[in-house]
Amino acid sequence: MHPAHAAMPLHTRIQRAIRQLIVDGALGPGKPLPASRALSKSLGVSRDTIESAYARLHAEGFIERRVGSGSFVAEMPEFVSPQRRSAREALLRDQGPNLSKRGAAMFESGGVRGSLGLRPFTHGVPETRTFPLRLWERLERQVLRETGTESLLQGDPQGVEPLRRAIADYVNLERGARATADRVLVLTSSQQAMTLCANMLLDPGDRIFIEDPAYHGARKAFDAAGLNCVPVRLDAQGILVDQVMADPQQARAIFLTPSHQFPTGATLALDRRLALIEWAASRQSWIIEDDYDSEFHYAGKPTACVQGLDPNDRTIYVGTFTKSLFPGLRIGYVVLPPALVKPMTVARTLLDGHTATISQLTLARFMENGHFGAYVRTMRGLYAERLEVLVKLVRTHLSDFVEPRVPIGGLQMPCVLTCDIEERDAIHAARRAGIDLMGLSALHATEQAKPGFLMGFAAYTPAELEVAILKLAAAFKSLRKQSGKVV
């Protein structure tokens, strides 16, 4: 017997045992209970003990006591036995939950779930094992000493001013943006920014141009909001602007990843950027610019962001520290046109109120003291080396299966299948070998996708990359052998 139960009065233990039998359905509604005299004799306890237990069960509504007839399990229409509950849950699974149209769309999208573990070649994951934790802890202690319990209170929903100022200074200097602290809204993620834009700038049924292929998180956010996503094809210079210009129907917005297109890695040409800025101004439409990993550029000079080129304030610039620092930080941001700052900040309070103040102030200090810039430069060099290693390994061990599309930046490399293996089979074979690949086909809205997958490389050492590539090569060879086609 559990020590806590042993310490209970005897009548309480009997009362709870009978109650559990009722809850479990062993004693159904209307079933008579033993007379108190008979039960006391059976259990070897006093009749008063049984009467006390029955009295409590009666008071709780589990039993009925009928004068001259005895005690019976009460009829409880609101109670569902485990057996009946299982039947009801099975019925609900067949019928589906009673969700709203928007709720159903969100559920059916499958959400956007990152990997909880670290398996090669999970895309979009930065290296975290070399992060300067001691430095971060020291800065956090400074913040706590200076702010005391004030940092434990409700924070500014727009974000703390020091961090907004640091973000504005950074994007102006490094990305060529046109930002001030009062135009920055600090959020928990770029995904939250997409949801805000979808719900604050467009109505259900409104058209939004979206790259094809596109970042799946953005497309799912727009679909869940009931928007009409219109895919626009790409070439080596980014989205095909002529298709946007020639479209006869009004689109309220366009979503872009212009600095490093996800997943192709293309950079949007300057003339196309300028054309889209003119298009947005003439149509009074919005440009949603996701600059998700622009810090990591390995070849040539990074291109200035679209927001910095837009004199008409029709561009919403979205950034995040998930890729540049670590995913657990949960800090993203948007640089907004002045007219959108107040509406977006108010809307944000309906989602989660504010971002954790202590983390914001620590990050602000990390940026102000020059640590962020130094860390990004270090990681940029490290990731460039790892990309070079991955390219060599793929060309050495996977040349019979895939062709790498070497990116100029980012944390992942696309590979196109060049053999007769199906994309889905390749991904399943990799998963069985403990390797995580994201298929390219799922990122396309049309049927023109070339089968292949993304390979994240930033979070893995050269030795780890080699081990994983050898496992992947063995998995692909085994897959081919099973299909009767030996390499």
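User: In this predicted model, what do buried, exposed and partly exposed stand for?

Analyst: Buried means under 20% relative accessible area, exposed means over 50%, and partly exposed covers what lies in between.

User: Why is Asp313 called partly exposed?

Analyst: Its relative accessibility is 26%. The partly exposed class lies between the limits of under 20% for buried and over 50% for exposed, so Asp313 counts as partly exposed. Asp313 sits in the loop between α13 (306–309) and β9 (315–320), and its phi is near 55 degrees, a positive value in a residue other than glycine.

User: Why does Gln284 count as partly exposed and not as exposed?

Analyst: Exposed requires over 50%, and Gln284 has 49% relative accessibility, so it counts as partly exposed. The residue belongs to the loop between α12 and β8 (286–290). Phi of Gln284 is also positive, near 55 degrees.

User: What makes the bond between Pro120 and Phe121 stand out?

Analyst: That peptide bond is cis, with omega about 5 degrees. Phe121 lies in the loop between α6 (101–108) and α7 (133–147). Another cis peptide bond runs from Phe262 to Pro263, with omega near 10 degrees; Pro263 is placed in the loop between β7 (253–256) and α12 (270–283).

Definitions and conventions. Residues numbered from 1 in each chain as written. Predicted model: local features only at pLDDT ≥ 70, side-chain atom pairs only at ≥ 80, totals over all residues. Heavy atoms only, no water. Helix = DSSP H or I, 4+ residues; strand = E, 2+ residues; numbered from the N terminus. Buried < 20%, exposed > 50% of the residue type's maximum accessible area, 1.4 Å probe, protein only.
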